Amino acid sequence: MPERIETMSFAEDDNPVVVLSGSGAIAETYRLLGELGASRAMIVSGQNVGVLPVVRDLATSTPSGLEIEAFDRVEPDPSDVTCEVGGTAARDFGAQAIIGIGGGSSMDAAKAIAAEAVTRGWTKAQAHPGEPTQIDFDPLPVILAPTTAGTASEVTPFSVVTYADGKRKLVLSHPKLYARYALLDPEMLLTCSERVRVAAGMDALTHAVESCVSKQGTDRTRRRALQAIALIVPHLPRVVADENDIEAQRQLQLGAMIAGLAFSHSRLGIVHAMALPLSALFQVPHGVANAILLSYGMRFNVMSDIAGFAAIAAAMGVDTSEMPPEQAAMAAVDAVEDISRIVGAPRHMSEVGVTKDAIAQMAEDAMPSAHIACNPRHIEEQDLIELYNLAF
Ligand SMILES: [Fe+2]
């Protein structure tokens, strides 16, 4: 008997995505396509997800009057070329909606493909670091179903695209990139390897921490970020220890999504800015890059927002009631190092194939990121070089 699917909307968070949460939520896809008035839709995924029985069935067991095509060629860190090819496939098929299923890469690609399907060449035209994303048309409506609890792409207006020419990862951001529906089905998380569960969970924790102390944060985004931390921290070790702990998967998935509600508006900070070049130049998975860099970024920032970091420590379950503020703030860094150790996350860039001679280039590439301006402490390129060296 499937559990009840809970439908949530977050107008008070200024977020337009309708979220359906619960085991079996993926089965709502046909009904939602009906609500969107779509009789032809394209699934966007990577190859591993594309062969899952639940995803195959979605494409082949359609009710009459509905046709679904599958595009399963999204690679990790999707390129502008993949988005263009996917957009052409959607246009040729006559897709009226896009269903993105997978981790951040597939969901981000789904958003770009929904735009590319309407305006060919849109993705390539956004290749301008530091400049706002332009969309003066309506992309196809998008339904997203995450298979990892991390990225929160299902509720954010962001699409991270790797531009093949310059090996540069850019965060495209526009309100028209929000999905219409997000399907949080914890059963969809059961396909992840332990390595992916750790990386995704550490990405979610990084979102919540960076959002909480972002200069662009508000009381509302900070409340959401702390709520996310309180959900992620106890449930991530449970999910890493036992992937079949569905209740922990559901809570972690909610925590990751709630962090997305926060950082959709607050943006992030130094850790995400520094993580982008690790993926673009060395194909380090996004969550792994964040897991390595998070405690270094926190240590750099901690005295710039003592109250913010003290609140993070408390949300992580540290008893800060008897601590002076600076000690409470530092306790957040220690608690992140503890959880990182507990879940077995990598701690150094040298463990994941990054070479020292690239540090100057990585620092240069990280500086134009919009996350830099949101960081609680002012950042110079030299700071990034020093932090990369510490994290090496
Ligand atoms: Fe992230």
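Trainee: With which residue does Arg 238 form a salt bridge, and how far apart are the closest N and O atoms?

Mentor: Side chains of opposite charge can pair when their charged atoms come close. The term salt bridge here requires a side-chain nitrogen of Lys or Arg within 4 Å of a carboxyl oxygen of Asp or Glu. Arg 238 forms one with Asp 245, with 2.9 Å between the closest N and O atoms. The model is predicted, so local features need pLDDT of at least 70 and side-chain atom pairs count only at pLDDT 80 or more, while totals for chains, interfaces and linings use all residues. Residues are numbered from 1 along each chain as its sequence is written, and side-chain values use heavy atoms, with hydrogens and water left out.

Trainee: Is Asp 245 buried or exposed?

Mentor: Burial is read from relative accessible area: under 20% is buried, over 50% is exposed, and partly exposed lies in between (1.4 Å probe, protein chains only). Asp 245 counts as buried because its relative accessibility is 17%.

Trainee: How many salt bridges does a search of the whole structure find?

Mentor: The search finds 15. One of them joins the side chains of Lys 124 and Asp 80, at 3.0 Å from N to O. This pair links distant parts of the chain, with Lys 124 in helix α6 (residues 122–125) and Asp 80 in helix α4 (residues 80–93), 44 residues apart. Helices (H or I, at least four residues) and strands (E, at least two) are DSSP runs, numbered from the N terminus. Asp 80 is buried at 4% relative accessibility, whereas Lys 124 is partly exposed at 41%.

Trainee: Which residue forms a salt bridge with Glu 243?

Mentor: Arg 197 does, the closest N and O atoms being 3.0 Å apart. Glu 243 sits in the loop between α8 and α9 and Arg 197 in helix α7 (residues 194–212), so the pair ties together parts that are 46 residues apart in sequence. Arg 197 is buried, at 10% relative accessible area, and Glu 243 is partly exposed, at 26%.

Trainee: What does the domain assignment of the chain give?

Mentor: It gives domain 1 (6–188) and domain 2 (194–391); such bounds come from an automatic or database domain assignment. Their centres, taken over C-alpha atoms, are separated by 25 Å. Contact (heavy atoms within 4.5 Å) involves 34 residues of domain 1 and 32 residues of domain 2.

Trainee: How much area do domain 1 and domain 2 bury between them?

Mentor: Buried area is the accessible area (1.4 Å probe) that two parts lose on being put together, summed over both. Here it is about 2,700 Å², 60% of it on carbon and sulfur atoms. On the domain 1 side, Asp 13, Ala 149 and Lys 169 lose the most area to domain 2, together 21% of what that side buries. The rule also finds two salt bridges across this interface. Elsewhere in the list of pairs, Arg 224 and Glu 12 meet at 3.3 Å, N to O, and a network of salt bridges links Glu 12, Asp 13 and Arg 224.

Trainee: How many residues has the largest nonpolar core?

Mentor: In soluble globular proteins, nonpolar side chains tend to be buried together. A nonpolar core is a set of buried Ala, Val, Leu, Ile, Met, Phe, Trp, Tyr and Cys residues joined through side-chain atoms within 4.5 Å. The largest one has 85 residues, and Leu 205 and Tyr 388 have the most contacts inside it. Helix α9 (residues 246–266) gives the most to this core, ten residues. The core draws at least three residues from each of domain 1 and domain 2. A second, separate core has 29 residues, including Ala 95 and Leu 144.

Trainee: With which residues is Tyr 388 in contact, leaving aside neighbours within four places in sequence?

Mentor: They are Met 274, Pro 277, Leu 278, Met 349, Ile 359, Met 362, Ala 363 and Ala 366.

Trainee: Which residues of helix α14 are buried?

Mentor: An α-helix has 3.6 residues a turn, so residues three or four places apart point the same way. In α14 (residues 359–366) the buried residues are Ile 359, Met 362, Ala 363, Asp 365 and Ala 366. Seen down the axis of α14, they fall within an arc of 165°, so they line one face of the helix; the arc is that of the directions from the helix axis to the C-beta atoms. Their cover includes β8 (168–173), α10 (270–282), α15 (371–374) and α16 (381–391).
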